[in-house]
Amino acid sequence: MELTLWTYEGPPHVGAMRIASSMKDIHYVLHAPQGDTYADLLFTMIERRGQRPPVTYTTFQARDLGGDTAELVKKNIKEAVERFKPKTLLVGESCTAELIQDQPGALAKGMGFDMPIVNLELPAYSKKENWGASETFYQLTRTLLKEKVSSSEKINPLRWKELGRRPKVNILGPSLLGFRCRDDVIEIQRILSEQGIDTNVVAPLGASPDDIERLIDAEINICLYPEIAEASCEWLKRNFGMEYTNTIPIGIKNTIEFINEAHNKLDLPLTNKEELENKSKLPWYSKSVDSNYLTGKRVFIFGDGTHAIAATKIAKEELGFEVVGLGTYSREMARQVRATAKDLNLEALITNNYLEVEDAMKKAAPELVLGTQMERHSAKRLGIPCSVISTPMHVQDVPARYSPQMGWEGANVIFDNWVHPLMMGLEEHLIDMFKHDFEFVDGHQSHLGHTAKQTKDFLNSDEKKEKISKEGIIWTESGRAELTKVPFFVRGKVKTNTEKYAILRGIPEISDETLYDAKAYFS
Amino acid sequence: MSKVEFNKETGPREVFCGLTSIVWLHRRMPDAFFLVVGSRTCAHLIQSAAGVMIFAEPRFGTAILEEKDLAGLADAHEELDRVVNDLISRRPEIKTLFLVGSCPSEVIKLDLATVAEKLNKRFLGQVRFVNYSGSGIETTFTQGEDGALKALIPLMESSNEEKLLLVGTLANNVEDRFKKIFKNLGISNIESFPPRQSTELPKIGKNTKVLLTQPYLSDTVRDLKHRGCEIISAPFPLGIEGSTEWFLAAAKAFKINELKVHEIISPLINRAKLALESHKEILKGKRLFLLPESQLEISLARFLHNECEMDLIEVGTPYLNKDLMKEEINLLPDNTKIVEGQHVEKQLDRVRESNPDLVVCGMGLANPLEAEGISTKWSIEMVFSPIHGIDQAADLAGLFSKPLRRNQILTTKTLVTH
């Protein structure tokens, strides 16, 4: 039993719903009690979808348990098939139905329907949402393509040359409730097209069962989100010999690497190598003088595996930040995240407990947090700026504007979204210059929140000339006076650092000199 | 009883389960913690229904059952013990801990009553443990509050002191207004259940006169009756009419002259009628379809028809206690179609066929209906907003007129393009 106050991922059947809702002509009969329909609002409210998820909930009740819940399942399957006429039927169960073992998938298969039926067995007490989505997409692909396995020769990635057409690829993994998937697909298709590569099928987002059957018309697969698509890509590779790309095109370096990988796999010459460096504004913006101030900014990164790893690379290599913490809630990606962390001499935090993440964040004392919506909340409490880089989805993660994470435009979006919460160079420079002007002494709030407030209260309460801090250290009058001269937006940090220094050195009283000693010590 | 048409429907439902009521109960009693014993689905449900209300450490959580807990029951009890110990050492300010049963815990027959009993002994004088079920196989949405309140009744001491007990969660400001009005009427001893602190439970007995503020408390009412309480029969205090009848019923139970009630509340009524006018203008003649969710549907239908002149197409309710709703049903217009239960697909067919101006529904259905060009109002808003009482009548009407007004604004050209 695990005490959970909040969870990054839903149960695995919500993953299955993500696949079903992303696609066309599919219906999912879910053996589940009343209440499980809450998951519909993830799609209709958070994604703002104008359609209901294609899901029928059998809605069994306590009084049904003594009777024949299997009949209830069959009745719902029959009604759903008649009403929605799906081309493929998914049948599965949520956590409670798993316990009563009606085997709805087997029941459905015995009902004499012509359409393919995918029996989803998603263990609700050991697995989570992303696993459920991956397994569903894999089972669906396998069901719809297994008959073609023996009859097909292995797919030669170079066959496009003989066929006299541009090479074709599938883009696999984008789904509803995936981070910026809607726009990533557009960006990646645009890039591939520019490179002379056509898109055969995008799946599951927007695909129908017919499209899944057409997957083998492409030469290779683009595995865009390994959390969702890697299992399917592996199966297609094993059974049809279809190669797939491993590079996730988030950030400039990875986008270029991704293009290279696709070209190599297809044996398509890369003719615009130099051009690629200038496709995004990120490299120049990062090089421009204002960005000098980004150097060594301490960042803490937490998210799903794919986005956390990508963010680490961008932060370190493209923006010149220092990564001071890295973690993920995706246990399936733990190995890769650990490896990335190790390269940075960090220990990866693999957890589903947001309070542990908050603690780690506190200890790492970052200047910027890149995380999920939960880290945004935690960072706000700690007064640290934050940019959201990963699911779980929030209505704000489905912006009206085009806002991909991948490719050239994705890099532009990332530059803006990560850098704007920070104080920019010129701004920081000016504040430094004018910090002794009266406007800056007190009462001016920065956009960084209310961190300065506690320190302000500390300074303003002058019942005594000397003041004892929470840590039991005495601030002398000169110490306090000096602290007021520090600009408000770093005052809290200077105070903490000075106290930390005093404790370290066993100094009982902080004077103006102690502040300078501490400053020198920490610089 | 007016000639209303009763129908029952079964089939797939689109209704929250009883766990959802934790979202408002934990706010009502800030010294209580709600520990759901369930699955990841339960945890995900509550956080999704609670939406943006993410706190540093919320006063609700889920002990998520894992495969090893399902293997043997003794094990699950020990595990739960461990989780509770962790929780209490972490949150020493908790005074009452609700162990909330869920679908999976009910199906594996996890005996939370026994667990609660054991824990009560161990934490005697520090934390009280009560248990109830919020499972979807037994409860819908607001029935969760019914279960939680029922579970508290055995902890309430007996007293024969005469008092008015308001039963059902109210917004604090509304509760204060009600108490003030009752005091003006001459009823001085007024308490609320649930109280604002879980430890300040009212004492009850044969001179306790119970006035319900919410229509979904069937089990609570039954147990209060067993404790000797008198249940005042009245419509619910939604809208001017319902609230007036509600005050009158209470006054009658305390033998207060009806004229005095009118004297005190008529200025409120006049003021409220004035405030209601602009909303009525929009709502009048508009056709309303209520899908089942909160069990407030019948009272809302009564208010929106009788005071806002809306036409009722269909009034869905997840569960109907005809006895408890007697006074409300009496106020409904003839031929009102009430449907208890749901077959969501068939009901949506009827929604489309009847072409309503406004549909009251759950969050899962709202945007899809909006996309079809049908204006909607979320039913969950009724349980989060202060809508009770005469003073709130216009605000309540506003919840329904706003989507219609917005629709009008967005579909009308009002500015000349220069």
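Predicted model: local features only at pLDDT ≥ 70, side-chain atom pairs only at ≥ 80, totals over all residues.
**Chain A as a whole**

Chain A has 523 residues, and 50% of them are buried. Its secondary structure comprises 25 helices and 17 strands. Along the principal axes, the C-alpha atoms of chain A fill a box of roughly 85 × 65 × 35 Å. Take the contacts in chain A with a separation of 6 or more: 70% of them join residues 24 or more positions apart.

**A sheet in chain A**

Chain A holds an open sheet of 5 strands. Their order is S12-S11-S10-S13-S14, and the pairing is parallel. Which strands stand at the edges of this sheet? They are S12 and S14 (386-388) of chain A, and each pairs on one side only.

Strand S10 (residues 298-303) of chain A runs parallel to S11(A), and 6 bridges join the two. Helix H17 (residues 354-364) of chain A packs on it, touching S10, S11, S12 and S13 (368-371) of chain A. The direction of H17 makes about 170 degrees with that of S11(A).

**Helix H16 and its two faces**

Now look at helix H16 of chain A, which spans residues 334-343. Its residues A:Val337, A:Thr340 and A:Ala341 are buried. Why do these buried residues line one face of H16(A)? Seen down the helix axis, they fall within an arc of 100 degrees, so they share one face.

What covers them? The cover includes helix H15 (305-318), strand S11 (322-328) and strand S12 (349-350) of chain A. The face of H16(A) turned away from the buried side carries exposed residues: A:Arg335, A:Ala339 and A:Lys342. After H16(A) comes A:Asn345, with a positive phi, near 60 degrees.

**A sheet in chain B**

Chain B has an open sheet of 4 strands, in the order S7-S6-S8-S9, with parallel pairing. Strands S7 (190-193) and S9 (230-231) of chain B are at the edges. Each has a single partner strand, so one side of each is left without a neighbour in the sheet. Strands S6 (residues 163-167) and S8 (residues 208-212) of chain B pair in the parallel sense over 5 bridges. Within this pair, B:Leu166 stands opposite B:Leu211 in S8(B).

**Where the chains meet**

The contact between the chains takes 47 residues from chain A and 52 residues from chain B. On the chain B side, several elements give two or more residues, among them helix H4 (73-90) and helix H15 (363-371) of chain B. H2(B) gives the most, with 8 residues. The chain B side divides into 29 nonpolar, 11 polar and 12 charged residues.

Strands also pair across the two chains. Strand S1 (residues 2-4) of chain A and S3(B) pair in the antiparallel sense. Here A:Glu2 has B:Ile64 in S3(B) as its bridge partner.

| Strand pair | Sense | Bridges |
|---|---|---|
| S10(A) and S11(A) | parallel | 6 bridges |
| S6(B) and S8(B) | parallel | 5 bridges |
| S1(A) and S3(B) | antiparallel | 3 bridges |

Strands of a sheet pair through backbone hydrogen bonds, either parallel or antiparallel.

Methods
Residues numbered from 1 in each chain as written. Chains lettered and ligands numbered in written order. Buried ≥ 20, exposed ≤ 12 C-beta atoms within 10 Å, placed from the backbone. Arc of directions from axis to C-beta. Contact = placed C-beta atoms within 7 Å. Nonpolar A, V, L, I, M, F, W, Y, C, P; charged D, E, K, R; others polar. Pairing = 2+ DSSP bridges. Axes fitted to C-alpha atoms, helices over the stretch in contact; angles between N-to-C directions.
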